[in-house]
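Please look through the sequence and the 3D structure shown below before reading the notes that come after them.

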Amino acid sequence: MTALLELRDVRCDFGAVRAVDSVSLDIAENEFFALLGASGSGKTTLLRMLAGFQKPTSGAILLDGKDISPLPPERRPVNLMFQSYALFPHMSVRQNVSYGLEMDRLPKAEIAARVGEILETVQLSDLAERKPEQLSGGQRQRVALARALVKRPRLLLLDEPLGALDKKLRGAMQLELKRLQHEVGITFIVVTHDQEEALVMADRIAILDKGRLVQCGPPREIYERPATRFAADFIGTMNFLPISANSGGLTLATGEPLKSNEPAPNGPSVAAIRPERLRLHEAGDDNRLDGTVRARAYHGLDLQIHVETAAAPDPVIVRITADVADRITLAIGDPITLGWSARDTRIFET
Amino acid sequence: MGERGTFRVMLLIVGLVFAFLYIPISVVVGLSFNDGGLPTAWTGFSTRWYGELLANDDILHAAGNTLIVALASTLVSTVLGTLLALGVELRRRKGHALEALIFAPMIIPDIVLAIALLSFFSLLNVTMGLHTITMAHVVFNLAFVCSVVRAALKTFDWSIVEASADLGASQITTFFRVVLPVLAPAILAGALLAFTLSVDEFIIAFFTSGAGRSSITLPMQIFSMIRFGVTPEINALATIVLSVSVIALTLSQRLSRRSVIPT
């Protein structure tokens with residue numbers, strides 16, 4: 001894999017605050033990459049450094065092997081789709097999209113052809129003469145996308161591209177963005193705080209926390225094998241059970257032994273199990289935990305049960321698929337015994 | 001008293017306030033069309049006083065001067081005021097404020113500003129005339145244009161400036177193709193306001209026009225005519241000045257309202 005973009009030890013300070021701290025990353029040609037983090041994690045600062053609006057305090061940003069960090073935004077083969085879309089309010093859709101190509105001083109005929117083509121791709125040909133204020137949120141988003149894509153950048157940066165859309169539209173646009181990326185063959189870097197969005201869209205995800213890179217990998221790896229307790233907590237839902245280590249192995253706070261395929265920890269630790277990996281206990285399960293049903297929530301696809309146990313202060317969350325839920329009756333206050341496998345048990349030191 | 005009663009009383013108060021504000025003005029407008037020319041008796045509708053006005057060389061000369069001063073000072077103060085507003089806003093975004101200093105000319109009493117400018121010009125031994133009136137008008141117009149443009153900048157989406165740079169535009173191109181067109185309604189509104197203020201400004205013009213009648217402006221001409229009594233011509237003149245001001249102000253308000261609408 002030859003890297004299109006290479007971040008080497010990139011750091012950015014705002015006064016005494018270190019917004020981005022020694023981040024090193026390689027991003028390949030044609031990749032759909034997500035920068036995932038909560039607000040204040042440094043993901044937007046990182047994006048602004050790639051676009052050229054923020055200078056790194058130290059470190060290098062290499063695009064096709066060349067350091068682009070001294071270049072101003074207008075000289076980088078990189079385009080940014082702004083979170084607010086930042087459409088020019090006084091220009092029509094067509095003028096908005098043409099603007100970037102006019103800046104490149106391309107011949108008029110070529111501009112017209114490329115603008116027509118990209119408007120076709122994002123299905124906006126019929127609205128080309130409208131002003132941004134006459135468009136819906138989803139349409140504006142597509143104009144912003146077309147305006148950035150029409151320049152055929154080496155790298156397209158998207159700042160919370162779906163943040164302003166309602167939930168239903170967001171789901172559709174996630175797949176639409178992925179389709180578009182495939183069609184135009186441009187490397188996408190998406191900044192998002194929405195872990196579900198990152199899991200659905202990205203080929204690889206980088207999780208940032210307090211300016212540091214926590215973990216980087218494909219969605220499945222991030223979800224199934226979180227590198228730290230933070231990553232485990234941040235992505236999806238996770239049950240954490242405090243454990244103690246002694247000569248006999250690991251035990252839960254209930255005194256039950258805990259089996260895991262991971263190496264034994266040094267010092268205080270927690271076991272982490274995904275809700276969908278828990279089930280009603282069956283003979284032969286590696287682990288077991290007794291508790292009482294405290295709440296149940298029907299989600300259509302599955303039934304979520306909150307189980308109060310002696311193993312953890314917080315209720316343990318269990319997801320039971322619809323077909324299993326149909327066969328059993330579980331009322332609030334009922335006793336329940338949960339079981340799970342050793343290979344579904346992560347161990348994190350605290 | 002019921003709700004209807006309260007409403008009627010309020011309507012009456014509103015009516016009285018408007019009467020107080022507008023009766024003197026409508027008297028002037030009405031009398032300018034009075035054929036007889038006396039404020040005591042209505043002798044029929046006529047536009048003869050407007051005709052006499054056009055035949056009065058002194059008034060035409062003064063009107064010409066006013067137009068020159070108003071146009072020149074509007075032009076200069078619009079360019080400078082817009083740049084000032086942008087500069088201040090950019091500095092504010094970086095955390096430096098110098099706001100109060102700019103608006104001083106709006107707050108300082110005209111008479112103080114007039115004396116200050118007179119002393120200043122005398123100190124520099126400048127021969128006074130239309131150019132000094134123009135400069136003096138730029139001083140206060142600048143503050144008004146700046147404040148109108150600043151109001152529009154409050155809702156200005158700066159990300160479009162970054163978007164322009166991102167799409168490959170230089171700073172100059174961004175200014176002319178993005179910043180200026182988006183702010184245009186506000187800038188025009190500021191210019192119209194400046195023009196209106198300049199047209200009927202008396203005190204500062206009076207102090208900075210120098211000796212002689214060559215650089216007399218319209219308000220000064222009216223003032224000198226009034227010393228010999230209010231003639232019907234003055235009513236006609238006042239009506240024209242009023243119309244120009246009302247039209248310019250209405251346009252200005254429309255434009256500045258439009259520029260404030262978020263996109």
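This is a predicted model: local features need pLDDT of at least 70, side-chain atom pairs count only at pLDDT 80 or more; totals for chains, interfaces and linings use all residues.

Residues are numbered from 1 along each chain as its sequence is written, and chains are lettered from A, with ligands numbered from 1, in the order in which they are written.

**Chain A as a whole**

- Chain A has nine helices and 20 strands, where helices (H or I, at least four residues) and strands (E, at least two) are DSSP runs numbered from the N terminus.
- The C-alpha trace of chain A spans about 75 × 45 × 35 Å along its principal axes.
- Of the 350 residues in chain A, 41% are buried; a residue is called buried if 20 or more other C-beta atoms lie within 10 Å of its own, exposed if 12 or fewer do, and partly exposed in between, with C-beta atoms placed from the backbone.
- Among the contacts in chain A with a separation of 6 or more, 65% are accounted for by residues 24 or more positions apart, and two residues are in contact if their C-beta atoms, placed from the backbone, lie within 7 Å.
- Chain A is divided into domain 1 (3-229) and domain 2 (237-349), with bounds that come from an automatic or database domain assignment.
- The C-alpha centres of domain 1 of chain A and domain 2 of chain A lie 39 Å apart.

**Chain B as a whole**

- The secondary structure of chain B consists of 11 helices and zero strands.
- Along its principal axes, the C-alpha trace of chain B spans about 70 × 70 × 30 Å.
- Buried residues make up 36% of the 263 residues in chain B.
- In chain B, residues 24 or more positions apart account for 79% of the contacts with a separation of 6 or more.

**Where the two chains meet**

- On the two sides of this interface, 19 residues of chain A are in contact with 15 residues of chain B.
- The elements that give two or more residues to the side of chain A that touches chain B are β6 (78-81) and α2 (93-103) of chain A, and the largest share, three residues, comes from α2(A).
- The residues on that side of chain A divide into 11 nonpolar, four polar and four charged, where Ala, Val, Leu, Ile, Met, Phe, Trp, Tyr, Cys and Pro count as nonpolar, Asp, Glu, Lys and Arg as charged, and the others, Gly among them, as polar.

**Two pairs of packed helices**

- In chain A, α2(A) and helix α4 (residues 137-149) pack at an angle of about 25 degrees, with their axes 7 Å apart; axes are lines fitted to C-alpha atoms, for helices over the stretch in contact, and angles run from 0 to 180 degrees between N-to-C directions.
- α2(A) and α4(A) are therefore roughly parallel to each other, because angles under 35 degrees count as roughly parallel, over 145 as roughly antiparallel, 65 to 115 as roughly perpendicular and the rest as oblique.
- The contact is made by Val93(A), Asn96(A), Val97(A) and Gly100(A) of α2(A) together with Val143(A), Ala146(A) and Arg147(A) of α4(A), and by class this contact has four nonpolar, two polar and one charged residues.
- In chain B, helix α3 (residues 57-93) and helix α6 (residues 130-154) pack at an angle of about 40 degrees, with their axes 6 Å apart, and α3(B) and α6(B) are therefore oblique to each other.
- The contact of α3(B) with α6(B) has, by class, 16 nonpolar, 10 polar and two charged residues.

- Asp9(A), in strand β1 (residues 3-14) of chain A, has a phi near 55 degrees, a positive value in a residue other than glycine.
- Asp9(A) is exposed, with 12 other C-beta atoms within 10 Å.
- Glu160(A) lies in the loop between β7 (155-159) and α5 (167-184) of chain A, and has a positive phi of about 45 degrees although it is not a glycine.
- Glu160(A) is partly exposed, with 19 other C-beta atoms within 10 Å.
- Glu31(A), in the loop between β2 (17-28) and β3 (32-36) of chain A, counts as buried, with 20 C-beta neighbours inside 10 Å.
- Not counting residues up to four places away in sequence, Glu31(A) touches Thr187(A), Asp203(A) and Arg204(A).
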